[in-house]
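Please examine the sequence and the structure before reading each solution.

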Amino acid sequence: MNLLLAEDDALLSDALSAQLREAGFQVEHAPNGAVAEFLLLKQPYDLAVLDLGLPMVDGLTVLRRVRAAKPGLPVLVLTALDSLDDRVAGLNAGADDYLTKPFDFPELEARLRALLRRSKPVSSASEMGPLSFDRDTRRAMLRSEPLELSPREWMLLDLLLTQREKVVTKEQINQVWATDRAGGASEGGAGGNNAIEVYIHRLRRKLEGSGLAIRTVRGLGYLLEAEAVVA
């Protein structure tokens, strides 16, 4: 958890840096707005704590410039400016949270951890029983063994996993396949109900014995589910 603390008060920055490090953060300090802007634009921080009353370049200017370049960086404004207009200006400039001085450190820490939780990217991986599925690496594992899938099988299994506990219709499958014409062409042309049934059959065979099954819901579509265990 790399954090930049932009604060010109030396006593406060020293004390706050020590508390943040004790709480598990790796802290780098910027004593003015020019240094804060340079570091935030050049270094990969997980979040920033930014005073508005910084010398050289004011905090609002730093915030606007950094927000334009790094829209996903969580920024908490920590300032003595506590009027409604100040808070509105800070949030409109791109702050994710706004805390006024004086403050209690436990509240600051809690707000920072909340910002980190909200900023975490959604995982690209899915798991269901013995099946693990990673969209970023396009890898599927079944019982810790690689599961070989064609492009259409991959997209079909991805859809079934994403919509787990929901029926996936043939229309949905055709729509997903239509977004990958190159992959479809490499597997022999168009979709349609007959093609869907062929690929459902192939996936069922690859999932045999895994405890997972693709159930046909007549008149509706297909459902990926865990097979019932017979006592």
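**Exercise 1.** How many residues has the largest nonpolar core, and which residues have the most contacts inside it?

*Solution.* The model under study is predicted.

Step 1. The largest nonpolar core consists of 27 residues. The residues with the most contacts inside this core are Leu-149, Leu-157, Leu-160, Ile-173, Ile-214 and Leu-224.

Step 2. Two or more residues each are given to this core by strand 7 (131-134), strand 8 (139-142), strand 10 (212-217) and strand 11 (221-226), and also by helix 6 (151-162), helix 7 (170-178) and helix 9 (193-207). Helix 6 supplies the largest share, namely seven residues.

Step 3. Take Leu-149 as an example. Beyond its neighbours within four places in sequence, Leu-149 is in contact with Phe-133, Ala-140, Trp-154, Leu-157, Leu-203 and Lys-206.

Step 4. There is also a second, separate core, which has 22 residues; among them are Leu-60, Val-62, Val-66 and Leu-73.

**Exercise 2.** Determine which parts of the chain are tied together by the salt bridge of Glu-7 and Lys-101.

*Solution.* Step 1. The side chains of Glu-7 and Lys-101 form a salt bridge with an N to O distance of 2.7 Å.

Step 1. Glu-7 is located in the loop between strand 1 (2-6) and helix 1 (10-22), and Lys-101 in the loop between strand 5 (97-100) and helix 5 (105-119); the pair therefore ties together parts that are 94 residues apart in sequence.

Step 2. Glu-7 has a relative accessible area of 2% and is buried. Lys-101, with 21%, is partly exposed.

Step 3. Glu-7 and Lys-101 belong, together with Asp-51, to a network of salt bridges.

**Exercise 3.** Is Glu-37 buried or exposed? Locate also its salt-bridge partner.

*Solution.* Step 1. Buried means under 20% relative accessible area. Glu-37 has a value of 15%, so Glu-37 is buried.

Step 1. The partner is Arg-65, and the N to O distance of this salt bridge is 3.0 Å. Glu-37 belongs to helix 2 (residues 33-42) and Arg-65 to helix 3 (residues 59-69), so that the pair links distant parts of the chain, 28 residues apart.

Step 2. Arg-65 is partly exposed, at 42% relative accessibility.

**Exercise 4.** Which parts does the salt bridge of Lys-170 and Glu-197 tie together?

*Solution.* Step 1. The closest N and O atoms of Lys-170 and Glu-197 are 3.2 Å apart.

Step 1. Because Lys-170 lies in helix 7 and Glu-197 in helix 9, the pair ties together parts 27 residues apart in sequence.

Step 2. Lys-170 is partly exposed at 21% relative accessible area, and Glu-197 is partly exposed at 41%.

Definitions and conventions. Residues are numbered from 1 along each chain as its sequence is written. This is a predicted model: local features need pLDDT of at least 70, side-chain atom pairs count only at pLDDT 80 or more; totals for chains, interfaces and linings use all residues. Side-chain values use heavy atoms; hydrogens and water are left out. A nonpolar core is a set of buried Ala, Val, Leu, Ile, Met, Phe, Trp, Tyr and Cys residues joined through side-chain atoms within 4.5 Å. Buried means under 20% relative accessible area, exposed over 50%, partly exposed in between (1.4 Å probe, protein chains only). Helices (H or I, at least four residues) and strands (E, at least two) are DSSP runs, numbered from the N terminus. Contact means heavy atoms within 4.5 Å. A salt bridge is a side-chain nitrogen of Lys or Arg within 4 Å of a carboxyl oxygen of Asp or Glu.
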